[in-house]
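Please report on the fold of this protein chain. Cover the core, the strand pairing and a few loop residues.

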Amino acid sequence: MIKSFFMPLAIIAILVSGCTVKIDEVNTDTNRDDQRPSKQIDTSVYEANNESNVYQPVSSEESTAKDEPNPNLNDKVRDDQIYIQPIILVPADRENFSDSEQESMEERLNLFMKIAQERYLELLGSTFILNAPETFKSTLTSETFNNLDGEGQDYAHRVAAALLGWRETTRDESNEVYVVIYARPLNKPCGVAYNLRCYGGARPLNGTIKPGPGIVLLESRSLMDDNQPFLSTLVHELGHAFGLTHVNCHGRDLYTDSSLMSYNKSHHSKGFEWGENKSGDLGAEEYYILSLNKRVFPKFEYDRSIHNPTGRELVNITACYIPPMLKNIDYTIPLTPGKGYELFHNSKMVAGKDAANYTREQAQSNCKWNVETYNRVKAIRCSYNGEMFREVILSLTDKSLEVSP
Ligand SMILES: [Zn+2]
């Protein structure tokens, strides 16, 4: 009985350890400083959510008047095509999160996503595949997401790890860009006044060099507030998740450029109302880099005559690639609401269904066997009834995995 899921485990373990080796390539985690001028590589990820900008609300009649998008938008072209997956993330300490609240967040996010999808269609002539929103009620608290533990982690890495665990996938196997709306506990607000950073930003999990899965992270407060430029922020952050940096990395002006990858304030939306120029267009460099991201935009081809009509030289293409996220998104294991025995190899739950009926002793014995047998898997965690009882993380003692600044 206990050994019944050992065979599939062996295969999984090999796949996982085989894949994760490759991630080491460009491991510069240029964390939060968004506007660092001296760095050529601007990871542009942790952006403040334009809190200081106040707008007049628009009426809800105007805001929801939207044609149904073309059903062909979601036609899949390749087997490894990426899906854009909107997610409401509810930490365990968000109290009284009601069904109607969930529904209204999902609905509103879905509308914004469809508008963003159409905007990319207008700009590129083809667009990404969009899934319906889902809600992830995590067993992790906001403290866990906030906590910086000295291993180069931060909220974005923790959220990414939690999501990969929830989706039972890894950064290499994921075929999704997660658009995460964080439903922060109402009694624990973020912002300068509270000395707590609001979540905002986006990046590809494995860097621009290996485009595919990615993460966008924004706050539910800005999703639900018609005074916030959520829509323009969303199209901008999606650009990051697809592998784009800010325009200044390509030698263009960050505050006046017409691109949606600028900080041009005239682009700011209000609720469902676009900012100027539909919150920005794309420059030649952005078109070119998006054309490389075949898993998200398989039909989009860069055409010099259309996307760079003046024929100027493209600036800093590879120098502006966003580096991969840190390795710890592979082995930070979220504890899913556990029943019985759960076994994780890296971010992946690998125990079979029968493990839910294990006794604690059986779980301990199986865990021990796994730790001894799969000693090349970076992280093995074992939990019983939702409580972790054993954790072995190879990477923390393996100097070759440390991040260089
Ligand atoms: Zn940005």
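Ile181 touches Ile87, Ile88, Leu89, Met105, Leu109, Leu218, Ser220 and Leu223, leaving out residues up to four places away in sequence. Touching here means contact: C-beta atoms, placed from the backbone, lie within 7 Å. This is a predicted model, in which local features need pLDDT of at least 70, side-chain atom pairs count only at pLDDT 80 or more, and totals for chains, interfaces and linings use all residues. Residues are numbered from 1 along each chain as its sequence is written.

**The core**

Ile181 is also among the residues with the most contacts inside the largest nonpolar core, together with Val159, Ala160, Val180, Ile215 and Leu217. That core has 67 residues. A nonpolar core is a set of buried Ala, Val, Leu, Ile, Met, Phe, Trp, Tyr and Cys residues joined through C-beta atoms within 7 Å. A residue is buried if 20 or more other C-beta atoms lie within 10 Å of its own, exposed if 12 or fewer, and partly exposed in between; the C-beta atoms are placed from the backbone.

Elements that give two or more residues to this core include strand 1 (83-90), helix 3 (99-124), helix 5 (155-166), strand 4 (176-182) and strand 6 (214-219). Helices (H or I, at least four residues) and strands (E, at least two) are DSSP runs, numbered from the N terminus. Helix 5 supplies the largest share, nine residues. A second, separate core has 15 residues, including Leu343, Ala355, Tyr374 and Ile380. In soluble globular proteins, nonpolar side chains tend to be buried together.

**The whole chain**

The protein chain has 11 helices and 10 strands. Of its 405 residues, 46% are buried. Among contacts with a separation of 6 or more, 71% join residues 24 or more positions apart.

**Helix 5**

Helix 5 is largely enclosed by the rest of the structure, because 12 of its 12 residues are buried. The buried residues include His157 and Arg158, as well as Val159 and Ala160. The length of helix 5 also agrees with expectation: at 1.5 Å a residue, its 12 residues should span 16 Å, and its end C-alpha atoms are 16 Å apart. The expected span is 1.5 Å times one less than the number of residues. Glu168 follows helix 5 and has a positive phi, near 55 degrees.

**Strand pairing**

Which way do strand 4 and strand 6 pair, parallel or antiparallel? They pair in the parallel sense. The table lists this pairing with others. Two strands pair if DSSP finds at least two bridges between them.

| Strands | Sense | Bridges |
|---|---|---|
| strand 1 and strand 2 | parallel | two bridges |
| strand 1 and strand 3 (residues 134-137) | parallel | four bridges |
| strand 1 and strand 4 | parallel | seven bridges |
| strand 4 and strand 6 | parallel | six bridges |
| strand 5 (residues 201-204) and strand 6 | antiparallel | four bridges |

Tyr83 has Ile129 as its bridge partner in strand 2 and Glu176 as its bridge partner in strand 4. Ile87 is bridged to Glu134 in strand 3. Ile181 stands opposite Leu218 in strand 6. Pro204 has Gly214 of strand 6 as its bridge partner.

Strand 1 is mostly covered, with seven of its eight residues buried. Six of the six residues of strand 6 are buried, so strand 6 is largely enclosed by the rest of the structure. Gly214, Val216 and Leu218 point one way from strand 6, while Ile215, Leu217 and Glu219 point the other way.

**Loop residues**

Asn74 lies in the loop between helix 2 (60-64) and strand 1. Asn74 is partly exposed, with 15 other C-beta atoms within 10 Å. Beyond its neighbours within four places in sequence, Asn74 contacts Ile129 and Leu130. Asn74 and Thr127 are 53 residues apart in sequence, and their C-alpha atoms are 8.4 Å apart.

Asn96 sits in the loop between strand 1 and helix 3. Asn96 is not a glycine, yet its phi is positive, about 50 degrees. With 6 other C-beta atoms within 10 Å, Asn96 is exposed.

Asn195 is in the loop between strand 4 and strand 5. Its phi is positive too, near 55 degrees, in a residue other than glycine. Asn195 counts as exposed, with 7 C-beta neighbours inside 10 Å.

Note on methods
Contact = placed C-beta atoms within 7 Å.
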